[in-house]
Amino acid sequence: MDSTHIRQTFLDFFRSKQHEIVPSAPMVIKNDPTLMFTNAGMNQFKDIFLGNRDAVYKRVADSQKCLRVSGKHNDLEEVGHDTYHHTMFEMLGNWSFGDYFKKEAIAWGWELLTGVLKIDKNRLYVTVFEGDKKEGLGRDEEAYGYWKAIVPEDRILLGSKKDNFWEMGDTGPCGPCSEIHVDIRDKEECQKIPGASLVNTGNPLVIEIWNLVFIEFNRQSNGKLVPLPAKHVDTGMGFERLCMVLQGTKSNYDTDVFQPIIQAIAKRAGMEYGHDPKADIAMRVIADHIRAISFAIADGQLPSNVKAGYVIRRILRRAVRYGYAFLDIKEPFLFELLPVLIVQMGPFFPELIAQKKLITNVIREEESAFLRTLSAGIQRFNHYIEQSGARTTEQRIEADDESSETDPQPPIVNSHLIDGSFAFELFDTFGFPIDLTQLMAREIGWTVDMKGFSKGLSEQKARSRQDATVAADDWTMLVPDAGMPVFVGYDMLETSSRIVKYRKVRTKGRDLFQVVLDQTPFYAESGGQVGDKGWLSTGGEKIEVLDTLKENELSVHVTPSIFTDPGMPVTARVDETKRTATANNHSATHLLHAALRHILGKHVEQKGSLVDDQHLRFDFTHFAKLSKEEISKVEAMVNAKIRENIILREERALPIQKAREMGAMALFGEKYGDRVRVITFDPGYSIELCGGTHVPATGQIGSFKILSEGGIAAGIRRIEAITALKAEEFWQAKETLLEEIGDLLKNPKDLKKGITNLLNENLELKNQVAELGKLKLQQLKDECIGKAEAINGINFLATCIDMDPDTIKNLTHELNRAIPDLFLVIASEYEGKVSLTVMLGEKLVKDRKLHAGNIIRELAKEIQGGGGGQPHIATAGGKNPAGIPAALEKARNFLVS
């Protein structure tokens, strides 16, 4: 059975059990501060488990795309080295929200695996939670009893809390689980060692295939388990593992999920998969990573240097590194694999097809940029080695080629150690895997200080953990049956409310409070719009609302303190000035989006935005820099729509199908419900799905000004702009600047002509200075040539010239061209800075094995400084000008000795 049919069989089975088949949620998570990526099938239902919203369907099944690379589920470094770890994977799952429980979940799981998919019952084992005395929990007798009615008792294994008690996190919904394991070893191995003894021992051929989680408790911050009012079922089965079992392979990578991609990689590399273990690992890494990268971009997450974007960039660069180091692919190639992936997964995940052009261009540009970074890293490595007095691999090969058989071969120095902090710099700044640094080091007989590297890595991880650490107390419930909080902020900025619950949180060394109201006018950060700020007040007390966040569909107000009596009614008031400015900018993004599509073309799609009270930022698809004329046209169209004073048409709770029929634009990577809000500014101009706050009519925006336009990724442009008061301030500042320039130029009638004349005068003076500089350089050159003396067949020149660094640099090269076999040392004290420069002729380096970098380090000691450089030229700085004569005399000793 091929993978497409396996997935469909799972979904059809649960459809027959009255489950609603729902689409996969985006792999990139937007409104959950605890997660960057969907790492389990249950993530999109998390707010149901937490009680923050009601379930639309009591029974649900899907195939969810997941990503596990960071945090608790950090599988990245294992990917490719074994048969079953992945970054991106599919999780087949079925859920019950307060409907069926253990009996049905167990029976249906067994029915699907053995009755429908025909997996041999004799190769399956099941586990049940054995209980935990510290938790006050006994064995899961209910699950044990249901399994006992289906399988022999010797196939029911008891599991510890570690393996058989599932928890969402340190706090939250949790419960015992029952795993189904399969033994796919050869018959001979099965006869030697019973599979039961290998369950949960890490054996790659005796593996968990399905986990049935029974959510019946809530873990509080004090560790106490409290029974939930409604019990849920959450199951997860690894799609790739299931394919491995059904297709009779011993590795996920040998299934038809991965083999087409692996074979395409092998063809591109001119290799055959299965012949070289290191090359095989590289192909598995790349085959896995291209899936994660492509789906992340399709869901709207571009590679970047922060948060989720940094994770995707790490994955992409890891794939490039493996291709570079082990498959000898030195040019972009990952993007060429996308068509193969689309054939495999496009029919079930149409976002791959819809976003093909964007994914291709982003990956290609990222590859190209990283290959340039790799090249820079190699140069940095070689420079480090040269400064240390050794030769790079390329230099050793060159020396070997030029030496005769009787020439003594240059010895490889085994005592040199590459500093661990430098190795970490290559890893952290240039994306070098440590194994690539070790490989390059071994080629020249060096080793890497791995303790130092590990220390740098540990410190980085510790910093990241500290930055991300948020400790939260349990919620203090004041109104237990308040129902779902109501947002009234579209219609009013002030309302009477009650605090439903609150809790204390500690983040980055600061204590704050999170407050949930029964109704709120505060807009919670989402959709690119920042959260509202404002105040809560009651009984003479007033508390500032620092921010409003959305956490699992819950609006959370962040405050520095809590009221003396939190149970009193409160007045919630939004900062109207900030809200109005934010609404101006948000509505302006809609007008901008429409203008870009009218002027540049319908290929323009929003790929991100940020809207606050200061400015707006808008990311969109377009494959060329906007010309000045195009920017002017966009500005003109947006300002024209502002002057038209178009009345906002807002439609709430509109069926999403009707919204699509209206032509409302939706964003890839956003998760929409069955009912949506539609914002329209002129049906023929701008219609978008949007939950943000907007102006009642476009005239309120006042004016619109683009501040910048540039590329942020392949095929992605970014516009930053301002509106209203900020635009007025911009033009006022420009006017003031022009007045000040006019004052400086004595207020000429034609300001532009006055500036042009000034620039021409300046250019003429620069040319005169340059000519004088050439004459001075020639004079210095002639004087220095006269000072050169012959020592042991070498032209030696050591002198002090107090000139600027550029002049000394030019003089150095001029003298090297004018004097053969030159050993040149120039000292300088210029503007309080002491410097030394050493230049060696080519023959001195090649025949006499002199190295300017080694020489400069010795001379720099006399001026209490340090430096280094290449074999032909090196520089040093110091702080002791009195040491210059000694440094110049010391240079002579290199020839006399």
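The following questions and answers walk through selected features of a predicted model.

Visitor: Is H590 buried or exposed, and in which helix does H590 lie?

Guide: Buried means under 20% relative accessible area, exposed over 50%, and partly exposed in between, with a 1.4 Å probe and protein chains only. Because its relative accessibility is 2%, H590 counts as buried. Helices are DSSP runs of H or I with at least four residues and strands are runs of E with at least two, numbered from the N terminus, and the one that holds H590, residues 576-600, is α18.

Visitor: Which residues are in contact with E688, leaving aside its neighbours within four places in sequence?

Guide: E688 is found in strand β28, residues 686-689. With contact taken as heavy atoms within 4.5 Å, and with neighbours within four places in sequence left aside, the residues in contact with E688 are H590, H593, Q606, A664, M665, R677, V678 and I679.

Visitor: How far from E688 is the nearest side chain of opposite charge?

Guide: A salt bridge is a side-chain nitrogen of Lys or Arg within 4 Å of a carboxyl oxygen of Asp or Glu, and E688 is buried yet has none. For charge, Lys and Arg count as positive and Asp and Glu as negative, while His and the chain ends are not counted. The nearest side chain of opposite charge to E688 belongs to R597, at 7.6 Å.

Visitor: Which side chain is joined to that of E688 by a polar contact of 3.0 Å?

Guide: A polar contact is a pair of N or O atoms within 3.5 Å; within protein, one must be able to donate a hydrogen and the other to accept it, and residues adjacent in sequence count only if both atoms are side-chain atoms. By that criterion, the side chain joined to that of E688 at 3.0 Å is the one of H593.

Visitor: Which residue forms a salt bridge with R652?

Guide: A search of the whole structure finds 52 salt bridges, including one between the side chains of E141 and R139 at 3.0 Å, N to O. R652 is partly exposed because its relative accessible area is 40%. In its salt bridge the closest N and O atoms are 2.7 Å apart, and the partner of R652 is E650.

Visitor: What is the relative accessibility of D328, a residue with positive phi?

Guide: Phi of D328 is near 60°, a positive value in a residue other than glycine. D328 is placed in the loop between α10 (307-326) and α11. D328 counts as exposed because its relative accessibility is 57%.

Visitor: In which helix is A724 placed?

Guide: Phi of A724 is near 50°, again a positive value in a residue other than glycine. A724 counts as buried because its relative accessibility is 17%. The helix in which A724 is placed, residues 724-744, is α21.

Terms used: Residues are numbered from 1 along each chain as its sequence is written. This is a predicted model: local features need pLDDT of at least 70, side-chain atom pairs count only at pLDDT 80 or more; totals for chains, interfaces and linings use all residues. Side-chain values use heavy atoms; hydrogens and water are left out.
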